[in-house]
Amino acid sequence: MPDIEALARELDEAVRTATAVRQLSAEVELTLEQAYAVQAAGVRLREARGDAVVGAKLGFTSRAKAEQMGVSDVIIGVLHAGMQVPDGGRVDLAAGVHPRVEPEVAFRLGAAVDPLDDDADILAATVSVAPALEIIDSRYRDFRFSLTDVVADNTSASSFVIGPWRPFAEARAELDLAALDVTLTVDGEQVAQGSSADILGDPVLALAAVKRMAREHGLALPAGSIILAGAATAAVALTPGVTVEAVVGGLGPVRVTTSGGDDD
């Protein structure tokens with residue numbers, strides 16, 4: 001039986017010291033359920049240090065990425081308050097191991113949603129939508145991992161940036177949220193292009209997926225929760241001293257500047 005708490009401490013130490021570690025799957029065989037238990041234990045360690053949970057994020061929402069990893073469902077991770085960087089702010093790459101950035105769509109809940117309540121309407125509880133950037137940072141050597149590795153590592157969650165919030169009902173009425181052009185630029189040069197359709201075919205579908213995954217894995221969805229729906233392009237490696245900007249159709253831009261260490 002794997003030592004769930006010990007594995008969580010190993011990954012937590014890797015996060016806190018920005019040190020790459022061997023893939024857990026090279027040390028021990030984990031089931032998916034056990035990998036989520038490692039994730040939950042890691043979340044408790046951060047909460048014990050005062051870093052509150054502020055939301056959830058989905059992974060493998062791109063069909064191509066899911067096929068690459070050999071999976072048929074999304075995965076879920078947790079967002080902590082300490083991960084949020086202000087729009088236009090700065091992120092220190094020295095605090096990471098293999099930082100990469102992805103453009104995303106974010107949602108915010110205006111009311112709590114009980115994942116165990118089949119009648120709880122997460123669409124009705126969603127009040128805002130925004131463009132977002134997620135900085136992912138696998139703690140594993142060579143940025144290589146199995147499905148259980150990435151789940152245990154809190155789906156590579158590291159930092160996130162939220163652009164201007166827009167009322168969800170207004171955005172749905174005025175925009176086709178399933179067909180927004182997405183561009184990612186570094187110092188003004190386009191490095192990736194995609195569509196919001198690359199997020200589950202429609203990023204709004206991420207809301208129901210988050211509720212379902214939260215029910216399966218014991219996550220709460222209180223009022224104010226931020227939900228990152230998934231990446232609209234492939235992840236792009238980050239280097240220090242650049243400005244990264246994503247533009248998500250009619251939702252507008254979101255940007256962050258990097259400083260610090262190198263991606264190794």
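A: What follows goes through the rings, pair by pair. Quick heads-up: this is a predicted model, where local features need pLDDT of at least 70 and side-chain atom pairs count only at pLDDT 80 or more, while totals for chains, interfaces and linings use all residues. Residues are numbered from 1 along each chain as its sequence is written, and side-chain values use heavy atoms, with hydrogens and water left out.

Searching the whole structure turns up 2 aromatic pairs (rings of Phe, Tyr and Trp, its six-membered ring, with centres within 6.5 Å; planes under 30 degrees apart are stacked, over 60 edge-to-face, the rest tilted). Start with phenylalanine 107 and phenylalanine 168: their ring centres sit 5.7 Å apart and their planes make an angle of 85°, so the pair is edge-to-face. Where do phenylalanine 107 and phenylalanine 168 lie? Phenylalanine 107 is in strand 5 (residues 100-109) and phenylalanine 168 is in helix 6 (residues 168-174), so this pair ties together parts that are 61 residues apart in sequence. (Helices, H or I with at least four residues, and strands, E with at least two, are DSSP runs numbered from the N terminus.) Phenylalanine 107 and phenylalanine 168 are both buried (under 20% relative accessible area; exposed is over 50%, partly exposed in between, with a 1.4 Å probe and protein chains only).

Phenylalanine 143 has 18% relative accessibility, so it counts as buried. Phenylalanine 145 counts as buried too, because its relative accessibility is 18%.
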